[in-house]
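This report is written for someone meeting the structure for the first time.

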Amino acid sequence: MHVSGRVQGVQGVHFRVATREQARAHGVCGWVRNLDDGRVEAVFKGDRSAVQHVVSWCYRGPSFAHVDHVDLQWEQPTGQEKPFFVVW
């Protein structure tokens, strides 16, 4: 998933950390990172309804974010599931 808008680089947005909190609160595994082009990229793994909840939250993001667009692609889960983390 890619999220664009005011989602990084602005003091106080904290999109990645807030995404990690949302994912962990709903038992979702995966990761989130900033991209060089200003977007945020995230991968979520877990129970479909829990993942859908976190994805829905990403359309709003934390209070200081402004989400313009979400590009979402559903895939079959692969690999080992680890607790959700931020790629710094």
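## Basis of the description

The model is predicted, and local features therefore need pLDDT of at least 70, while side-chain atom pairs count only at pLDDT 80 or more and totals for chains, interfaces and linings use all residues. Residues are numbered from 1 along each chain as its sequence is written, and side-chain values use heavy atoms, with hydrogens and water left out.

## Overall fold

The chain contains 2 helices and 5 strands, where helices (H or I, at least four residues) and strands (E, at least two) are DSSP runs numbered from the N terminus. Read from the N terminus, the order of these elements is β-α-β-β-α-β-β. The C-alpha trace spans about 30 × 20 × 20 Å along its principal axes. The radius of gyration, taken over C-alpha atoms, is 12 Å, which agrees with the value near 12 Å for a compact globule of 88 residues; the globule rule is 2.2 Å times the number of residues to the power 0.38.

Of the contacts between residues at least 6 apart in sequence, 71% join residues at least 24 apart, a contact being heavy atoms within 4.5 Å. Buried residues account for 38% of the 88 residues; buried means under 20% relative accessible area, exposed over 50%, and partly exposed in between, with a 1.4 Å probe and protein chains only.

## The nonpolar core

A nonpolar core is a set of buried Ala, Val, Leu, Ile, Met, Phe, Trp, Tyr and Cys residues joined through side-chain atoms within 4.5 Å. The largest such core has 23 residues, among which Met1, Val3, Phe15, Val28 and Phe44 touch the most other members. At least two residues of this core come from each of α1 (15-25), β3 (40-45), α2 (48-58) and β4 (66-71), and α2 gives the largest share, with 6 residues. In soluble globular proteins, nonpolar side chains tend to be buried together.

Two residues show how separate parts of the sequence meet. Val3 is in contact with Phe15, Arg39, Val40, Cys58, Val67, His69 and Val70, when neighbours within four places in sequence are left aside. Cys58, which is found in helix α2, is buried with a relative accessible area of 1%, and its contacts beyond four places in sequence include Met1, Val3, Phe15 and Phe44.

Glu41 lies in strand β3 and counts as buried because its relative accessible area is 14%. Not counting residues up to four places away in sequence, Glu41 touches Met1, His2, Trp31, Val32, Arg33 and Leu35. Lys45 also lies in strand β3, and this residue is buried with a relative accessible area of 18%. Beyond four places in sequence, the contacts of Lys45 include Val28, Cys29, Val51 and Thr78.

## A positive phi in a loop

His14 is placed in the loop between β1 (2-6) and α1, and is exposed, with a relative accessible area of 53%. The phi of His14 is near 55°, a positive value in a residue other than glycine. Most residues other than glycine have a negative phi.
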